[in-house]
Amino acid sequence: MGAGVIERYAHWLPVGPGTPPLTLGEGDTPLVRSKVIEREVGAGRLFFKLEGCNPSGSFKDRGMVVAVAKAMEAGYDTVLCASTGNTSASAAAYAAAAGLRSIVLVPDGAVTQGKLSQAMAYGARIVAVKGAFDEALAIARRLGDGYAVALVNSVNPHRIAGQKTAAFEIVDALGEAPDLLFIPVGNAGNITAYWRGFTEYRDAGLTGAAPRMMGFEAEGAAPIALGRPVSDPQTIASAIRIGNPASWRGAEQARDESGGAIDAVSDDEIIDAFKRLARTEGVFCEPASAASVAGLIKTAKGGADLSGATVVCVLTGTGLKDPTFAIQMAGVEAEQSDADLESVASLLRLPQKVAGA
Ligand code: AN7
């Protein structure tokens, strides 16, 4: 354990003796049983896959380690991506670890401080594009085609290959695939990757069935649910503010082959799920990640019978990615006190300890 996804899952990945053994200790993330939401939605068993525990704080690291290792192997000295934030943080981290340069294109003003601070700290060259993510990605793809840089967006198949290892881990942990997998959908690479992982394990006889894939977009940025691109995507969940996903077809394939669904949740539903996760489960994720749990709650409210079902919600990124959002949602400030026992004790009004108790 702690060996990273290339070493642990080499047999399933497009790596060979010439691939550098790059790792920051990604993967092997916790699969935590729900304490409260499981009961509220009436699920047999509910687990959260805590992808925020990866080295740069999101699931992107699983695919990025493979994409950057393959870029090194191919002799590139620079990696490039467009990003709503997490891909840029991850690309910058692995480029730093590999001794490569990184360039990240971000939609100007639309990336959280936490994510930008990471790209800065890891030493990426950051270009704020005056447009939406989709425009930045279109530029990145053309730069990747015409210039001496390795494109590490999820249109790079090595990204998808690495990210499928999360599905392997879930089956390895449960001993079988879950019945349902709830996952946020933005550029749709991750749902594509999970479906590949589950079906590869199924085809190899390591699980009998694959789960129904339940993907959730944000209502104001829901091209796949609507069936058409969205030109001005809007949502509080900036990570998935995407109007024309690159892996659109992969997501539809996952939905159709698994008998699942791709639907949308409102910002209010995302906020409600975010709060429930933090306050009743002790799990702090970023707003985009809460879309998976919002989707589960919506599905249960819609009358789905989940009793007897094993359900996994993927929580794609840590809450520390977006502290501004968390502080706004809490709507509280620290209470002020002088630095002495009397002041703190009188502020708190705690009951006295009973002697002998
Ligand atoms: C926390 O970083 O697209 O459907 O550029 O950061 O595979 O795109 C991030 C996406 C879900 C959606 N949750 O995954 C980027 C970027 C979080 C994310 C998604 C993202 P995909």
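## Salt bridges and a buried strand

At 29% relative accessibility, Lys298 counts as partly exposed; that term covers values between buried (under 20% relative accessible area) and exposed (over 50%), with a 1.4 Å probe and protein chains only. The model is predicted, so local features need pLDDT of at least 70 and side-chain atom pairs count only at pLDDT 80 or more, while totals for chains, interfaces and linings use all residues. Residues are numbered from 1 along each chain as its sequence is written, and side-chain values use heavy atoms, with hydrogens and water left out.

Lys298 forms a salt bridge with Asp263. A salt bridge here is a side-chain nitrogen of Lys or Arg within 4 Å of a carboxyl oxygen of Asp or Glu. Because Lys298 lies in helix H13 and Asp263 in strand E9 (residues 261-265), the pair ties together parts that are 35 residues apart in sequence. Helices (H or I, at least four residues) and strands (E, at least two) are DSSP runs, numbered from the N terminus. Asp263 is partly exposed, with a relative accessible area of 31%.

A search of the whole structure finds 15 salt bridges. The table gives some of them.

| Pair | N to O distance |
|---|---|
| Lys115 and Glu286 | 2.7 Å |
| Asp272 and Arg276 | 3.1 Å |
| Lys298 and Asp263 | 3.3 Å |

Lys115 and Glu286 are both buried. Asp272 and Arg276 are four residues apart in helix H12, so about one helical turn separates them. Asp272 is partly exposed at 31% relative accessible area, and Arg276 is partly exposed at 23%. Elsewhere, salt bridges link Arg8, Lys49, Glu51, Arg62 and Glu169 in a network.

The next topic is strand E7. Five of the five residues of E7 (residues 180-184) are buried, so the strand is largely enclosed by the rest of the structure. Leu180, Phe182 and Pro184 point one way from E7, and Leu181 and Ile183 point the other way.

What joins E7 to strand E8 (residues 212-218)? Five bridges do, and the two strands run parallel. Two strands are counted as paired if DSSP finds at least two bridges between them. Between E7 and E8 the chain passes through helix H9 (residues 189-203), and this β-α-β crossover is right-handed: with the strands pointing away from the viewer, the path from the first strand over the helix to the second runs clockwise. E7 also pairs with strand E10 (residues 310-315) in the parallel sense, over three bridges. Leu181 has Met213 as its bridge partner in E8 and stands opposite Val312 in E10.
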